[in-house]
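Please look over the sequence and the model below.

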Amino acid sequence: MACSQQGRAPEVFQSESASLTEIPTNSDTRIVLTLTAQQRLHVLEEMNRFLLSTQEIVEGLSSDHPELVQSALADSLGRNQGQSYSQGLMKGALPPEYRQMGSAMKQEFKKVETLSKSGADSTEILVQLSSTLMYCQSCHGTYQI
């Protein structure tokens, strides 16, 4: 059963020998964003929302459930959350380049939404979603929090 239907992620097993402390920290050349704990949590929650929405979009497309796609898109675009709190919390916390990338990514999600609402086939929507995910990859490759 899919994650969104169960409300939780499948279990992931980790080797007892695996440890986050084994990851070398000096080789990471990404730009460090200095945030307060509250700002960091907000950014992580937003990224998780986009990831969950993406999973639900793919699930909805693969199972021919356009209502799941529409619901996931509304979530990814923040239509089901209050925005005034986050705007005050994050004001001036992120560099312009980061904000530009985020804004462009949201525009790409809007293109996915437009295609979905217009009745485009799953392949067209997935091509656009792939383009959207390139912004995610670029941002994650450039910044660390």
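## Helices H5 and H6

In this predicted model, H5 crosses H6 in a left-handed sense. H5 covers residues 96–117 and H6 covers residues 122–142. Their axes come within 9 Å and cross at roughly 170°. The pair is therefore roughly antiparallel, since angles over 145 degrees count as such.

Which residues of H5 and H6 make the contact? From H5 come Tyr98, Met101, Ala104, Met105, Glu108, Phe109, Lys111, Val112, Leu115 and Ser116. H6 supplies Glu124, Ile125, Gln128, Leu129, Ser131, Thr132, Tyr135, Cys136, Ser138, Cys139 and Thr142. By class, the contact of H5 with H6 holds twelve nonpolar, six polar and three charged residues.

## Helices H2 and H3

H2 spans residues 37–62, and H3 spans residues 66–76. They pack at an angle of about 165°, with axes 8 Å apart. That angle makes H2 roughly antiparallel to H3. The crossing of H2 and H3 is left-handed.

On the H2 side, the contact uses Arg49, Phe50, Ser53, Glu56, Ile57, Glu59, Gly60 and Leu61. On the H3 side, it uses Leu68, Val69, Ala72, Leu73, Asp75 and Ser76. The contact of H2 with H3 divides into seven nonpolar, three polar and four charged residues.

## Cysteines

How many disulfides does the structure hold? The count is zero. A disulfide is a covalent bond between the sulfur atoms of two cysteines. Cysteine 136 is in no disulfide. Its nearest cysteine sulfur belongs to cysteine 139, 8.0 Å away.

The cut-off for a disulfide is 2.5 Å between the sulfur atoms. Is cysteine 139 buried or exposed? Cysteine 139 counts as buried because its relative accessible area is 15%, and the limit for buried is under 20%. Both cysteine 136 and cysteine 139 are among the H6 residues in the contact with H5.

## Overall fold

The protein chain has six helices and two strands. Along the sequence, the pattern runs α-β-α-α-α-α-α-β.

The protein chain has 145 residues, and 29% of them count as buried. Among contacts in the protein chain with a separation of 6 or more, 74% join residues 24 or more positions apart.

Notes:
Residues are numbered from 1 along each chain as its sequence is written. This is a predicted model: local features need pLDDT of at least 70, side-chain atom pairs count only at pLDDT 80 or more; totals for chains, interfaces and linings use all residues. Side-chain values use heavy atoms; hydrogens and water are left out. Axes are lines fitted to C-alpha atoms, for helices over the stretch in contact, and angles run from 0 to 180 degrees between N-to-C directions. Helices (H or I, at least four residues) and strands (E, at least two) are DSSP runs, numbered from the N terminus. Angles under 35 degrees count as roughly parallel, over 145 as roughly antiparallel, 65 to 115 as roughly perpendicular and the rest as oblique. A crossing is left-handed if the near helix is turned anticlockwise from the far one by less than a right angle, and right-handed if clockwise. Contact means heavy atoms within 4.5 Å. Ala, Val, Leu, Ile, Met, Phe, Trp, Tyr, Cys and Pro count as nonpolar, Asp, Glu, Lys and Arg as charged, and the others, Gly among them, as polar. Buried means under 20% relative accessible area, exposed over 50%, partly exposed in between (1.4 Å probe, protein chains only).
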